[in-house]
Amino acid sequence: MARIKLEYIWLDGYTPVASLRSKTKIVDGDVATFTLADAPVWGFDGSSTQQAEGKSSDCLLKPVALFPDITRKNAFLVMNEVLLPNGEPHPSNTRATIPDDPGAWFGFEQEYFLYKDGAPLGFPVGGFPSPQGPYYTGVGYKNVGSIARKIVEEHIDICIAAGINIEGINAEVAKGQWEYQIFGKGSKSAADQMWVARYIMARIGEQYGVDVELHCKPILGRYNQPLDWNGSGMHTNFSTAYLRDVGGKKYFEALMAAFAKHIDEHIAVYGPDNHLRLTGLHETQSIDKFNYALSDRGASVRMPVNFIKNGYRGYLEDRRPNSAADPYLVAGRILKTTQTVPTT
Ligand code: ADP
Ligand code: MN
Ligand code: MN
Ligand code: MN
């Protein structure tokens, strides 16, 4: 028996994007055999998180995913859904709205900026670094500074130890901008892992006085400046069992017609301020257009290079979701649209 630290993580009721919240519960148990089922339902004061009125403020935390946490002794990270006192999903509970599809796979590419003292890491005080060019996959102090590499390396190691399927990282186009990719099978798993990976990085940043900026165009939006700097996306790669195993041109075109029909519903959950990012520049399509193309990073949906060769089978990349989007909403919307298309 040990005293086990469970860090209960959930999404609050803030709009347009929810923030992460967490608090620790100590339970007695055996670390080696501890599972999700051993994590009890818990509660919190929803009146402090925009999830309830003061008069009746209890909200419930229902554990939905468990990850070992090597940053503390005898510890786990516990991702939760927020429930109303009667056990129904809380209106802020976006995870509960995802359609079930065990054959769905998602891969999210999370781009983000690291910020210190109000500016991206490596930006000189009150000014700007030299223009974009050397920073993407950059190496060396003048390109990535000295703190960022520590943060992203720690993040990889903590994610791997947690069993999070992190697939890679790279320095991105703007100075202070980075990316990691998370992959998961099932309709909710990748999104669970994304939120916990975001949580882990936010916690690492505390130690360095660095915040993660998920806004999709932070430099343009919050920094009056002369050069045009890249924004951040959360490209969403997805496939269903049917798309991987059967696919075909006819099905693919019907799927893309459904995406074109639901353009507004998709953009509505693809992250705030996306018009600042989806401009047609910087490897994006304009926010009001929908198109698809092979290997084209200026398309809304990109078919990977072998997709057509393989008989329109495999996965697709929706390039429109931005860095601040809720991966639960993104995965849910993609599955809802996909499920409108007959597979026979
Ligand atoms: P790029 O930067 O070229 O767009 P990345 O390598 O950053 O590509 O990301 C590719 C993503 O595609 C990864 O997150 C990966 O997990 C995901 N992916 C690969 N195969 C599939 C698949 N069959 N279904 C869903 N996602 C997939
Ligand atoms: Mn990528
Ligand atoms: Mn990228
Ligand atoms: Mn991509």
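At what angle do helix H6 and helix H8 pack, and how far apart are their axes? The structure is a predicted model, in which local features need pLDDT of at least 70 and side-chain atom pairs count only at pLDDT 80 or more, while totals for chains, interfaces and linings use all residues. Residues are numbered from 1 along each chain as its sequence is written, chains are lettered from A and ligands numbered from 1 in the order in which they are written, and side-chain values use heavy atoms, with hydrogens and water left out.

Helix H6 (residues 249-261) packs against helix H8 (residues 327-338) at an angle of about 120°, and their axes are 9 Å apart. Here helices (H or I, at least four residues) and strands (E, at least two) are DSSP runs numbered from the N terminus; axes are lines fitted to C-alpha atoms, for helices over the stretch in contact, with angles running from 0 to 180 degrees between N-to-C directions. H6 and H8 are therefore oblique to each other (angles under 35 degrees count as roughly parallel, over 145 as roughly antiparallel, 65 to 115 as roughly perpendicular and the rest as oblique). On the H6 side, the contact (heavy atoms within 4.5 Å) is made by Tyr251, Leu255, Ala258 and Phe259, and on the H8 side by Ile334, Thr337 and Thr338.

Turning to the strands, an open sheet of five has the order S2-S1-S5-S4-S3 with mixed pairing, where two strands pair if DSSP finds at least two bridges between them. Strand S2 (20-29) and strand S3 (42-45) form the edges, each with a single partner strand, so one side of each has no neighbour in the sheet. The twist from one strand to the next averages 40°. Strand S1 (residues 2-11) and strand S5 (residues 75-83) run parallel and are joined by five bridges; Leu6 has Phe76 in S5 as its bridge partner. Helix H3 (residues 189-208) lies across S1, S2, strand S4 (58-68) and S5, at about 120° to S5.

Finally, there are the metal sites. Glu109 (OE), Glu109 (OE), His235 (ND1) and Glu317 (OE) coordinate the manganese ion (ligand 4) at 2.0 to 2.4 Å; donors are N, O and S atoms within 2.8 Å of the metal (3.2 Å for Na, K and Ca), and water is not among the atoms, so sites may look incomplete. His235 lies in strand S11 (residues 234-239) and Glu317 in strand S14 (residues 316-318), so this pair ties together parts 82 residues apart in sequence. Glu109 also bridges the manganese ion (ligand 4) and the manganese ion (ligand 2), which lie 4.0 Å apart.
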